[in-house]
Structure formats: structure tokens, C-alpha cells
Amino acid sequence: MFGFKIDKKDKLSSARIGTLTTPRGLIRTPAFVPVATKGALKGTDFDSAVLSGADIFMMNTFHFFCNGRYKDVSRFGGLHKFIGREEPIMTDSGGFQVFSLGSGWDYGVGKLAESKVVNKKKSRNTSINEEGVIFRSPYNGEKLKMTPETSIKVQERLGADIIFAFDECTSPLDSYDYIEEAMGRTHRWASRCIKAFNGNNQVMMGIIQGGPYLELREKSAEFINSLPFFGFGIGGSFGGSYGDSKANMNLILDRTLPLLLDSKPRHLLGIGEIDDIFESVERGIDLFDCVIPVRWARHGMAMIRKGRINLKLTKLLKSKNPIDENCNCRVCKKYHLGYISHLLKEKEIYGISLLAEHNLFFVLDTMREIREAIKQGEFLKLKEERLNWRVKPLNIIDSF
RNA sequence: GGGUAGAUGGCGGAGUGGACAAUCGCAUCAGACUGUAAAUCUGACGCCUUCGGGCUACGGGGGUUCAAAUCCCUCUCUACCCA
């Protein structure tokens, strides 16, 4: 019922194309998994995402757990029936929220942040111990406890096809000692997740942690590799005292992916900027998920071949060009920048919707190109062409 | 013609003798965002600067005062009301 088959390996890199089989359909890898945390793509719809090439969506256990809504979902017969969709779904375990609502919240840092405190916010008083994590619900402040067993139980009731083990995602600000301790805990939780999982119509991915430290990452890869998971999630932050987090992530992937069983799928959790996708595919990653395409759309940031561009710039109101001249999405074929820019400036929800559709298409179509390139043995060539993707927002608008 | 209320930075709108280059909102500009508490957050926003500070400003002009966006006189303009 479930399976993963590598269809072709690139000769010049560790890139590979494959097919992940689930009872609800196939996932062509390398794949980008659009994130619909609470059951919605925030700005666009599942149909357009599927038309753009999405094979599977990701939702989150934590949010359905906090408000108790997983019980309602369960009464519908699971997420698929609840949202009225047949496509495969994966659920994250809630492990990321250990970080994003814990130390990430307290110190205002993102998962790839460098070692600097951006903005100290009021602590959420998240506490972590061997048993699990005690959270304050972001919905009403209520104290909640999440353990590996809870996460698995809730994920079974949500009924996604692929689920993730409950892990502790650490912060770039955490010390080596703490990250090592958390990694050990993640490993013990992984074993508990396997024990708690009944494996009925679902498969589970184990999560590798270890923060920015190579030796911890290697240890974690070896341990998670030794457990009977369906595949691997690579989680956590890669930044910190090691400096450039993108470069460090690549280094970690270089060193840890060869330690993993080749035949199992590898999912790089939460990564999805274009340059990161190319670097990771080259190293052997099969799946990505990321909120960036859809979040940037809400923030007016468009993903284009040359990089990214803020569409709320006043000067773009004059432009009769599409968002990206080389893009084949419905939005680019039909609407010009002037209009989309106007909608975004006016805070019209339709502007967000159009941009979300474009950004999602952009990433999904890039995955299509990547798969095609690997098939043709031209992955590195494509990477060269596409790595002019800039990290900083573009300032030159001449071509618009 | 008479009366009343006003005129503050791109706009709206605080301030009504010193702590005012002037709260705040909008707009503008810049930055951030990678398993989503995010259609969010941060910063800049009179001019000049060797970043210490300097200069010009609250409709125009005049005055009172050590000190005026704030008080007085006058002019101009705006809104509403009465003829």
C-alpha cells in the first residue's frame, strides 16, 4: 500500500527522482508539500495547488489538538473527509511548536536565525521534560500537555497518510549541551512514537535533530536510521554559533544523508526557498514543505526567476508585465503587475490569493523542472541556471 | 453684511506658555520571515551632519515673554449658522 521507489539517480550528484506510493495516490519526488496547517492553504485553494502540481499537503497536529478540533475531524472520519479531499495528506507532529511557541517565541527567533536576540517577548512558559511538553494554548492560554503518545494518538485520529514522530525542535540560541540533551530526548520519544503507533493505513517518519552540530547530526541520523520508520524527517535549526545557516545546512546534509538507508524517503522539514531546494535535492532530499510561498504572498512578496520582489512598491503600479515573464501560471498569463500591485496595496484579499497561487505554482513548477532535469541527467545544469535566485529582495525594477 | 469655530509635517489628527522637530493613525520607503499564534513584525520618515550636534518649522505679518504651535493684535483663507 505504501512504498517508495527510486526511479532514477543522478550520476553527477546525489539527486534522485522517485515515487512515493500511498493508498490515496502517488507523490512524485523530489516533491514540494504545500503547508495547510489548519486545513487551509491561507490565501489559495487546494484545486489550484493540485493543478500546479501538488501531490500532497501538510497539516498540523498541534493546532487541531489545542482547540480539541481533532475530535470533530475524527467524527467526520479524518482529515480527508473533513476537508473534502482525496489527495494524500501528511501531518506534522507538533514538534515544531515546541520551538515556535517555546524558545522561538520567547526570543523572537526563527529556525534559521543567527545567534542574536531579535526581540524578547513575554515568555510562554513552555516547559519540556522527559515525558513531554507543557504548553500554553495559543488559543486561550490553557495549559496543555503533549507527549509522544498524545501526538501519535491525535495523528491517528486525524488520519493523514503520512505522520511524523514527535520531536523537540531546538532553537539556534540553545547551547551545545542543551541541544545534545534535547536530541537524546527526541530519540527516546522516537522509540515511544513507534511503540504507540498502530500503523493502520498510515506510515510514520522519524525525525533527525542535532541543531547546527555535525557530530550530533551524525549521531541522530544513525539512531533514527536504526529504527523502523517509513522515512526520515530532517528537522530543527541549522544556524547558531556555526555561522551561515544555509551553508551549514548544506554541510550537515552532505554528512548525514549518506548515513541514511538509501531506499527510504527523506523529508527536509520546513525548508523551501528556491536556492535551498536546489542545494538539498543535489544532496539527496526527496520532500520539502514550507510556508514561505504562501506567507510571502500574504506579505506581498513574489517569487520570480530572478529572486523575489515586493509587489507593494508604488512604482509597480505602472507595470503591464506579468509577475514573472517566464511563468506559465494562470495568474501570470492573465494579470499584470499593475493590477496585482494595486490589489495588494489596497489590502484586497484577492491580491493575496493571486500571489499565493503564483508563488505556489512557482515552487511546484520548479520541482517539476527539477524532476525533469534529473530524468534528463541535467540537474546540475538546471541548478546553475536557477541559482541566480537571490536571497535579498530585488531592487532593480528596470525590467518591470 | 453679522455670528461662531478653525488653519499643525504627504494626508487625517493630538498638543493649547518651557520636557516639541512636535503623541498617534494612514500613506511612503527599507528590512525580516524557511515542519505558520504571521493578510504579520521591525525600522526610517522637515533639512544638513565629521552622528556630538546644527538649521528651518505648527496659515502670513507684528507683538508680549528669559522662553510661543500654545497668549495678544492684525491680515488671509476654510467650515457652519443667521440675514
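**From a loop to the RNA**

Asparagine 200 sits in the loop that links helix H7 (176-196) and strand S11 (203-208). Helices (H or I, at least four residues) and strands (E, at least two) are DSSP runs, numbered from the N terminus. The model is predicted: local features need pLDDT of at least 70, side-chain atom pairs count only at pLDDT 80 or more, and totals for chains, interfaces and linings use all residues. Residues are numbered from 1 along each chain as its sequence is written, while chains are lettered from A and ligands numbered from 1 in the order in which they are written.

Is asparagine 200 buried or exposed? It counts as exposed, because it has 7 C-beta neighbours inside 10 Å. The cut-offs are these: buried means 20 or more other C-beta atoms within 10 Å of the residue's own, exposed means 12 or fewer, and partly exposed lies in between, with C-beta atoms placed from the backbone. Phenylalanine 230 is 30 residues from asparagine 200 in sequence and 13 Å away in space, C-alpha to C-alpha.

Now take helix H14 (349-375). Of its 27 residues, 20 are buried. Glycine 377 follows H14, with a positive phi near 70°.

H14 also supplies at least two residues of the surface near RNA strand B.
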